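Please examine the sequence and the structure shown below. The report that follows describes selected features in turn.

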Amino acid sequence: APATYTPVTDARLANPEPANWLQYRGNYQGWGYSPLSQITDKNVARLQLAWAFTTGQTEGHQSPPIVNNGYMYVTTPGAQVIAMDAAAGTELWRWKKELPGDLMQLHPTNRGVALYGDKVYVATVDAHLVALDAKTGKQVWQAAVGDPKALQYITLAPLAAKGKIMVGSSGGETGVRGFVAAFDAETGKEAWRTYTTAAPGEPGGDTWPGDTHKNGGGSIWITGTYDPTSNLAYWGTGNPAPWPTEGRKGDNLYTTSAIALDVDSGRVKGHHQYHHNDAWDWDEVSAPVLIDTEVKGRKVKAAIHAGRNGYLWMLERQTDGKIGFIDALPYVHNDVFKSIDKVTGRPTYDESRKPGMGKAVGFCPSLWGGKDWPPEAWNPKTGLFYIPANNNLCAELPAAEPTKYKKGDLYIGYPIEGVLGSLRYKDGKKPGTIGELQAWDLKTGKLAWVHKFDTHLWAPLLTTGGNLLFAGGTNDRQFRAFDASTGKVLWQHAMPSGVTAVPTSFEVHGEQYIAVQAGWGVDAQRMQSGIDSLTGQPHSVPQGGTVMVFKLGK
Ligand SMILES: O=C(O)c1cc(C(=O)O)c2c(n1)C(=O)C(=O)c1cc(C(=O)O)[nH]c1-2
Ligand SMILES: [Ca+2]
């Protein structure tokens, strides 16, 4: 690695050099786009392994390789950060937190670091935020974000902006009260904490009966996007808790929503609830992607979100921070929504498809949604918005069981076997295809192309200035490059394990690289097990993490 480390400033994060991948999705807007264009649709067939590095961990590897002028940082399950020379693939340092032996990890994963100043920030599954020296890996400070004994846990990559490091906690299935909290980047002191469930007396407080908001979920487990001009961070919020709705009648603001927070104060400036009073575990945690483009014939500051509820949401970032509704288009089969209000975007439900007490209920899409957490991508050159979708999968939940919040216990409302065994095929028969890599033209609101897979797809996306779209996410361990304009497969490479991690691209010494971690696990595997029990044919995907880095061969 180079002798010096280049500090990461607000200016660099707001206007990142094409050679680097400084944050979760490459830019604040959440595009998953690298402008680099040395590797193109014309030469990608020559893409070869440059180096590989085993992480020493099993379970779901999801973090992007974050790169700053030759320094690369990845995280793995088990609260580990590995710093590497991005070109040589050699280890510079490694930091690993000793976790309590009895820690229950409902989602054993980590989605990566944030860089800011001369530090690297990682949030851990025992609900801490840690600052490390970017050059040496030495711990600078550690802050308790939540209580691991109350099963608060963190899986997301932090968001860094204006001297603050922002994180949220998971726990929609353990009865947390969701929040975004900001910490001073230098000292680790907490600056503000904004809850995602409204208390009585606050705006939205009347959407929760009694004190149900206190364990009401709305967890934050995917990194927010950020608009430096308005100083607003946009976050997606998770499902309300517990899942059965009988005890929490009302809209349950701000669960399953997009919220806009002022980064200086943490104040909620606007929100849009994708669907109210969720009963389906359709966390809407993927932050809206910020795109200035034409939608329905109008130039808008758009916020686009492929919902777990199976609709593509087109929202508008208004000047006062409010979030307006433009349109919602189904991108997979949803049999719950009967209609969507043209002005407000509020759906009406087929109540017979709402699970809860008394009887088993089936619904589409499944608990894992049209898309779970794997991020979408936007390519400003093709003008296409890419969605890694799963179609033709539904779920059936058994009758809910009475549930009371107890610290340290699951707070779901269904027996866990009923949750893990809930997957069903649409219409009860094996569909021809499940995974769909979709490309949407936002101007026309039309599907431009779709590539269908006979297996499910759990594929965080990367798109590039070379007219390429990269995706793993299938149980055959392949990592693929698609023509971003047409969807044609141009290249593929068998990986040591299935790929469910976020891919990135960067440049060192004039050479462009594509980087991604292999390492199958968490809910990609739980969905695989669900499909296996439908087919009666176990399908084993090897586990174990490897950082895989590619460049063009001669
Ligand atoms: O409600 C929550 O707090 C929460 C957290 C997480 C997480 O932190 O990873 C997941 C989910 N829910 C969830 O519903 C889900 O489907 C899911 C899949 C995964 C994964 O890593 O594959 N995590 C999570
Ligand atoms: Ca959840």
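In which loop is Tyr 254 found? Tyr 254 lies in the loop between β16 (232–236) and β17 (257–262); here strands (E, at least two residues) and helices (H or I, at least four residues) are DSSP runs, numbered from the N terminus. This is a predicted model, in which local features need pLDDT of at least 70, side-chain atom pairs count only at pLDDT 80 or more, and totals for chains, interfaces and linings use all residues. Residues are numbered from 1 along each chain as its sequence is written, while chains are lettered from A and ligands numbered from 1 in the order in which they are written.

| Cis peptide bond | Omega |
|---|---|
| Leu 253 to Tyr 254 | about -5 degrees |
| Cys 364 to Pro 365 | near -5 degrees |

Pro 365 belongs to the loop between β25 (361–363) and β26 (377–379).

The loop between β16 and β17 also holds Thr 256, which has a positive phi of about 40 degrees although it is not a glycine. Thr 256 is buried, with 31 other C-beta atoms within 10 Å. A residue is called buried if 20 or more other C-beta atoms lie within 10 Å of its own, exposed if 12 or fewer, and partly exposed in between, with C-beta atoms placed from the backbone. His 509, likewise not a glycine, has a positive phi of about 50 degrees and lies in the loop between β36 (504–508) and β37 (511–518). With 7 C-beta neighbours inside 10 Å, His 509 counts as exposed.

An open sheet is formed by four strands in the order β3-β4-β5-β6, with antiparallel pairing; two strands pair if DSSP finds at least two bridges between them. Because β3 (66–68) and β6 (91–96) stand at the edges with a single partner strand each, one side of each is left without a neighbour in the sheet. Strand β5 (residues 80–85) is joined to β6 by five bridges, and Gln 80 stands opposite Lys 96 in β6.

Helix α3 (residues 522–535) has 14 residues and reaches 20 Å from its first C-alpha to its last, close to the 20 Å expected at 1.5 Å a residue. That expected span is 1.5 Å times one less than the number of residues. Among the buried residues of α3 are Val 522, Ala 524 and Met 527. After α3 comes Gly 536, whose phi is positive, near 75 degrees.
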